[in-house]
Amino acid sequence: MAAPQLQVNAGKSILIRIAELRAWLFLILLIVFFESWARAAYGMSFIVNLYNIQSITVFATVPLMLALGQTFVIISAGIDLSLGFVMGLSSVVAAHMANIAAAQLGLGPFPAMMFGILAGIVVTFIPGLVNGWLIAYLRVPPFIGTLGMYGVARGSAYLAGGGMTVAVNNEWYSVIGNSRPFGIPVLVMIAVVAIIIMHYLLSQTRFGQHTYALGASKAAASRAGINIKMLTMRIYLLSGLTAGLAGALYTGRFSAGAPQAGEPLLLDSIAAVVIGGASLFGGSGTIWGTVAGALVIAVIQYGLVFIDVEPFWQFIAVGTVIIISVLVDQAQRRFIGGRQVE
Amino acid sequence: MSERQPILSVRNVSKHFGGVQALDKVSFDVFPGEVVALAGDNGAGKSTVIKAISGVYPYEDGDIFLDGKRIAFATPQEARDNGIETIYQDLALADNLSIGANIFLGREPMKRLFGILPAIDRKRMAEAAKETMKRLDFHVDRLDAPVAAFSGGQRQAVAIGRAMYWNARLVIMDEPTAALGVPEQRKVIALIQSLKAEGKGIIFISHNLRDIFEVADRIVVFRRGENAGERTPGTVSADEIVRLMVGK
C-alpha cells in the first residue's frame, strides 16, 4: 500500500496568509483613501500628522480594551454581551471610589486614583464569574447568559452612579486619560502593554491554546482532559477584567464615571474582533487581528469626520467592512482552508 | 499464546441500566500485538463494555485486569493516564489546531521565553508530530496546517498517532472506518497493522465484517450483553459470525 501523504498546496498557504492579514489590508486601504482625499481636498496629509495619529489611537483604545477580552470569548465560541455595561459599572465605581478615597480616607490624589481603578477592576470579578458560572456550570447559552448580565450590569451601573454621570476631581486621572509624554498618549501606552499581555496569553500559554481547542470542539477539549468548565470561567473572568480596565481608562479620559460609557462600544468590540479575522463560530482569531480591527473602526470614524462627511456615514462604512470581512472569512474557509494561528 | 500475559483481561463483567441487563458476565482477553474485534448487533453490549474499560462508567460485577492489575477507572482521563486510549468515531480532534497541537492537547510541552515566561514549545510539538506520523508512514510537509485540511483517513491517523505518542498499551477503536470512503478505510486498516506491529493491544469495533476479517486476530461475538462465541477469522465464515450475532 502506498504511503499516504499529508499535503497542503504551498501556493495556497500564501493566500491563507493574505486572508489572515485582511484587517491590516483594510487598514492600509482606508489610510490611502483618506490620505488621497485629504491631499486632494485640503492639500494636507491625513496620516503624517501627529495630532491625527494621537487622536485615532486614543479613540481606538477603549473599544480595543473591550475587544481584547471579547477575542478570547469569541475564539471559545461564546459571546459576551455584558461587556459594555460592565465597563460602565467599572467606570462609575472607579470614579466614586476615587472620590471617597480622597474625601473620606484622606488619600492623596495618586493613591486615591489607584484605589479607584483597583475598585473598578475588582468589581468586574462579579459579572465575570457569574457569566462564567452560568455558561460553564448551568449550561446557559452565552448569548442568553450575558444578555441577562447586560441588564444586571446596566441597572447596577446606573444605581451605583445614582442615575447620572459621576464627576471625579483628581488630577492624576487626567494624567492617565489625557497626557502625552513625548507625544505618546498614556492611554496608548497602557493599551500597548495590554495588547502584549493578551497576545502572550492567547498565543503562548496553555490557557490560550485550550481556548482555541474549546472553540473548535468542546468534546475534543474535554476528552483531552482539559477542565472545560474552569477554562470557561477563566475566559469570562478575563473578559470582565478587560471591561473593568476599559471603564477605569474611560473615567481617566473624561474625568467622570458614566454608566452608559460602554453602551455603543459593545458592538464595536464585536466588530473589531470579527474584522480582525475571528469567526463567530469559534476556534479562530488573533490579538493582532483584533488590534487591526479596532484601528479600522477608529480610522473610519475619525477619517469621515476629518473629511467632513456627515457622521451617519460611519455606521454604513463600519457595517460594510464587517460584511466584507465575514465574506472573506467564508471564502477562505471554503476555498483555501485555514492555518493554525500562533 | 496462553503462556503470555494478556494486556487486558475482562472477567465476568456485568452492568445494568435500570432494569436492562446491558452486560451479563462478559469475558475476553487482549494480548500484546493482537487485534480483537468485538462484533454484535446494536445493543449487544459492545459499546458498554468499552466504556466500562475506559472509565466512562463503572461496572458492577466481575473484574477487569490491565497487565494483571485490577482496574476500575473513575474517569476516561484516569484510563488514559494508565495507557488505555480510546479513539472515538468522531475522533475528538480540534480541527483548528495542527497535528502536534492535537497530539499534545491538554499536555502541552512548555519552554521558557527569555528564560522566564512559560510558553508552549511549538517546535517540540511539531517535531514529535513529524516523528509520530513517520512511524505511521505518513509524511507531513506542513506541520502548521490545521487538521481540518486533512481527509478522514488522515485525521484518523492523527488520532492514532496521539495514542501512539503517549505510549498507550491498549487502543480502543470504536467504528474507526464507519465515516470513511473505501480507499480511506484501507488506510485505516494499514494504520491498525502498524499499531499491532508496535505490540499494542487493540480492541476494534466495527459493523463491517470485511474489515473485521481483514484486521482481527480474534472475533469476540456478543449477543444481548452475553458472550455468544469467539472465533478466529481463518477458521470461520462471515455467515457463521452473523449467525452468532443474531442467535440462529
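Predicted model: local features only at pLDDT ≥ 70, side-chain atom pairs only at ≥ 80, totals over all residues.
Visitor: Which helix gives the largest share of the lining of the second largest pocket?
Guide: That pocket holds about 410 Å³ of space, and 14 residues line it, with A:Ile135, A:Ala136, A:Lys218, A:Ile228 and A:Thr232 nearest its centre. Two helices of chain A, helix 6 (125-136) and helix 12 (228-254), each supply at least two lining residues. The largest share, 4 residues, comes from helix 12 of chain A.

Visitor: Which strand supplies the largest share of the largest cavity's lining?
Guide: The largest cavity has about 100 Å³ of space. Its 13 lining residues include A:Arg223 and A:Ala224 as well as B:Arg80, B:Glu85 and B:Arg162. Helix 11 (218-223) of chain A, along with strand 6 (84-87) and helix 5 of chain B, each supply at least two. The largest share, 3 residues, comes from strand 6 of chain B.

Visitor: Is B:Arg155 buried or exposed?
Guide: B:Arg155 is in helix 5 (residues 152-165) of chain B, and its side chain makes a polar contact with the side chain of B:Asp95 at 2.5 Å. The cut-off for buried is under 20% relative accessible area. B:Arg155 has 15% relative accessibility, so it counts as buried.

Notes
Residues numbered from 1 in each chain as written. Chains lettered and ligands numbered in written order. Heavy atoms only, no water. 1 Å grid on protein atoms, 1.4 Å probe; cavity = no way out; pocket = protein on both sides within 12 Å on 5 of 7 lines; lining within 4 Å. Points joined across faces, edges and corners; volume = space filled by probe spheres on them. Buried < 20%, exposed > 50% of the residue type's maximum accessible area, 1.4 Å probe, protein only. Polar contact = N/O pair within 3.5 Å; in protein donor to acceptor, adjacent residues only side chain to side chain.
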